[in-house]
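I opened this one to read it element by element. My notes follow in the order I made them.

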Amino acid sequence: MVLLKLNKVGKSFGSGEAQTVALDGIDLELKQGGFLAVVGPSGCGKSTLLQIAAGLVRADRGSVTLSGESVVSPPPHVVYVFQQYTKSLFPWRTVLANVEFALEGRSGIGRAERRDRSRNLLELVDLQSFAGHYPWQLSGGMQQRVAIARALAADARLLLMDEPFSALDALTRLDLQNLLLDLWADRALSILFVTHDVDEAIYLADWVAVLTHRPARVHEIIDVGLARPRDPITTRPISIGAGISERFTRPLSTASWMPNKRSARTIAPGAT
Ligand SMILES: Nc1ncnc2c1ncn2[C@@H]1O[C@H](COP(=O)(O)OP(=O)(O)O)[C@@H](O)[C@H]1O
Ligand SMILES: [Mg+2]
């Protein structure tokens, strides 16, 4: 079943000579329980695409639907996880109080239950002993764990993640990627994950949508087709073999670009 659908989405900023066309005719589908990565070069329009999917920004053209309903404002159970984790947590609140925030104002959840649930979620992301710390006392990876715990407290069903691990060192990133994969499987989440890192996309996702340079169009959609659990050592050569990164280093020729042409290919060895 299709959960999130972007249909011919277009978006421009500014006007006249100062106009920037960010997105041009983006068609994407995320299945219920699916993991779709969107990769594209810096500045191509990935964050804009995600903000439109989240109902934070309106598209100029096309439509966005969630479970068949038009998205015109941020829908419930959809949580956006930002790239800049230093800006996404409240610095004046402790780690526990940041997670509790997602439960405040929810009817039927009292103070004690809010606290209990938040503590359980902190345990899930392995931060139980940091409940009383403030965000600025934590490393970047720990702050993103808090953001993930808070998303779960908000009863997220769909996570929209904007390069959430790109500022982390390699080992911390791998930890967080594995945490995310576990939560995705255990909690039947659906995830739309934006990244400029092709290896990361292929390690994590079922499907990878490759965007062109700005204005972003969907160049192709790749069915990763690799069994899980995956191993980053073996998925990396596959991502190199897919030849996606090369395309980021030289702009796709517009002459060779066929509007609305979409290919689907599978890159897993032996997959059909
Ligand atoms: N609010 C805005 N006003 C004007 N231009 C914007 C705005 N948001 C994004 N842009 C422009 O749209 C293009 C795509 O930006 P963005 O979606 O942030 O790219 P990415 O996330 O792929 O790096 C960039 O040229 C950027 O400068
Ligand atoms: Mg961005």
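How many bridges join strand β1 to β2, and do they run parallel or antiparallel? I count eight bridges, and the two strands run antiparallel. Strand β1 covers residues 2–13. The model is predicted, and I read everything below with that in mind.

**Entry: the β1 and β2 hairpin.** K11 has L23 as its bridge partner in β2. I then looked at the connection. Six residues sit between the strands of this hairpin.

**Entry: ligand 1.** Which residues come nearest to ligand 1? I find F13, A22, K46, S47 and T48 nearest, out of 13 residues around the ligand. I next asked which elements supply the shell. β2 (20–31) and α1 (46–53) are the elements that give two or more residues to it. The largest share, three residues, comes from α1. By type, I sorted the shell into three nonpolar, eight polar and two charged residues.

**Entry: helix α6, length.** I checked the span of α6, residues 170–186. With 17 residues at 1.5 Å a residue, the helix should span 24 Å. Its end C-alpha atoms are 24 Å apart, so expectation and model agree.

**Entry: helix α6, faces.** Which residues of α6 are buried? I list R173, L176, L180 and L183. Seen down the helix axis, the buried residues of α6 fall within an arc of 90°, so they line one face. The spacing made me recall a rule. An α-helix has 3.6 residues a turn, so residues three or four places apart point the same way. I then turned to the face away from the buried side. That face of α6 carries the exposed residues A170, L171, D182 and D186. What do the buried residues of α6 pack against? They pack against α5 (140–153).

**Entry: L180.** I took one residue of α6 for a closer look. L180 has 22 other C-beta atoms within 10 Å, which is why I log it as buried. I also followed L180 to I191. The two are 11 residues apart in sequence, and their C-alpha atoms are 9.6 Å apart in space. Just after α6, I noted a positive phi of about 50° at A188.

**Entry: positive phi in two loops.** S67 is not a glycine, yet its phi is positive, about 50°. I place S67 in the loop between β4 (61–66) and β5 (69–70). Is S67 buried, exposed or partly exposed? It is partly exposed, because 14 other C-beta atoms lie within 10 Å. E163 is not a glycine either, and has a positive phi of about 40°. I find E163 in the loop between β7 (158–162) and α6. E163 has 20 C-beta neighbours inside 10 Å, so I count it as buried.

**Entry: cis peptide bonds.** I looked up the bond from R214 to P215. That bond is cis, with omega near -5°. P215 lies in the loop between β9 (207–211) and β10 (218–223). I then looked up the bond from R228 to P229, which is cis with omega near 0°. Where does P229 lie? I place P229 in the loop between β10 and α8 (232–241).

Methods. Residues numbered from 1 in each chain as written. Chains lettered and ligands numbered in written order. Predicted model: local features only at pLDDT ≥ 70, side-chain atom pairs only at ≥ 80, totals over all residues. Near = placed C-beta within 6 Å. Helix = DSSP H or I, 4+ residues; strand = E, 2+ residues; numbered from the N terminus. Nonpolar A, V, L, I, M, F, W, Y, C, P; charged D, E, K, R; others polar. Buried ≥ 20, exposed ≤ 12 C-beta atoms within 10 Å, placed from the backbone. Pairing = 2+ DSSP bridges. Expected span 1.5 Å × (residues − 1). Arc of directions from axis to C-beta. Contact = placed C-beta atoms within 7 Å.
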